[in-house]
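Biologist: Can you walk me through this one? I'd like to start with the charged pairs and then move on to the core.

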Amino acid sequence: MLNGVKLRKHYLNFFTINSPFRIKVINYLELYVFGCSYLEKRSIVIIGGGTGGSTVASFIRKFDRESEITIFEAGKWPTYSPCGMPFALAGTVKGFDKLIELTPTYFEKLKINYHLETKVTKIDYKGRKIVYVKNGEEFEKDFDVLVIATGSKGRRLKVEGSDL
């Protein structure tokens, strides 16, 4: 029992995860469970369709069956396993398509709108909308909740031998 709400065991376990990525999901779920309007249907926009964005979308869908969830991914491929790339190059894995972890069918089944090759060009947080470009055309999308899960880029350290 937490704030007068009986929670299932797996839900409490979810609250104990301490990674910075999942804390954002926890904050969102706390708002849903303990807020006044937790049954209200929302428009959730996730920028970034890699592992982070896809995981957030899946977790939100697990606890919220009604809200509209939309993922925008600038890349050409859905969530894939970059760790498997050497195996695909070596021929151990038969084809790069075998590295795809979550297919478009997965997102359709969860009723998550997944847009590939779609770049978000502007965020109007006060106006609660984003501007995105798909196939050269510009569109707007309103949101109630915005998650930015674009990942990161590594940087080369300036140490001896880093240019090898």
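Biologist: How many salt bridges does the structure hold?

Modeller: The structure holds 2 salt bridges, a salt bridge being a side-chain nitrogen of Lys or Arg within 4 Å of a carboxyl oxygen of Asp or Glu. This is a predicted model, where local features need pLDDT of at least 70 and side-chain atom pairs count only at pLDDT 80 or more, while totals for chains, interfaces and linings use all residues. Residues are numbered from 1 along each chain as its sequence is written, and side-chain values use heavy atoms, with hydrogens and water left out.

Biologist: Which side chain does Lys-141 meet in a salt bridge?

Modeller: That of Glu-68, at 2.9 Å from N to O. The pair links distant parts of the chain, with Lys-141 in strand S6 (residues 137–142) and Glu-68 in strand S2, 73 residues apart. Helices (H or I, at least four residues) and strands (E, at least two) are DSSP runs, numbered from the N terminus.

Biologist: Is Lys-141 buried or exposed?

Modeller: Lys-141 counts as buried because its relative accessibility is 15%. Buried means under 20% relative accessible area, exposed over 50%, and partly exposed in between (1.4 Å probe, protein chains only). Glu-68, at 31%, counts as partly exposed.

Biologist: And what does Glu-140 pair with?

Modeller: Lys-129, in a salt bridge of 3.6 Å from N to O. Glu-140 is in strand S6 and Lys-129 in strand S5 (residues 129–134), 11 residues apart. Glu-140 is exposed at 51%, and Lys-129 is partly exposed at 25%.

Biologist: Changing topic. Where is Asp-64?

Modeller: Asp-64 sits in the loop between H3 and S2.

Biologist: On to the core. How many residues has the largest nonpolar one?

Modeller: It has 13 residues, and those with the most contacts inside it include Ile-71, Phe-107 and Ile-112. Strand S1 (43–47), helix H3 (51–63), strand S2 (68–72), S3 and strand S7 (145–148) each give two or more residues to this core. H3 gives the most, with 3 residues. A nonpolar core is a set of buried Ala, Val, Leu, Ile, Met, Phe, Trp, Tyr and Cys residues joined through side-chain atoms within 4.5 Å.

Biologist: Which other core is there?

Modeller: A second, separate core of 7 residues, including Val-120, Ile-130, Tyr-132 and Phe-143.

Biologist: Back to Ile-112. What does Ile-112 touch?

Modeller: Not counting residues up to four places away in sequence, Ile-112 touches Ala-57, Ser-58, Arg-61, Ile-69, Ile-71 and Phe-107. Contact means heavy atoms within 4.5 Å. Ile-112 is in strand S3 (residues 112–115) and is buried at 5%. The C-alpha atoms of Ile-112 and Ala-57 are separated by 7.6 Å, although the two are 55 residues apart along the chain.

Biologist: And where does Gly-49 lie?

Modeller: Gly-49 lies in the loop between S1 and H3 and is buried, with a relative accessible area of 1%. Beyond four places in sequence, its contacts include Ser-54, Ile-71 and Tyr-114.
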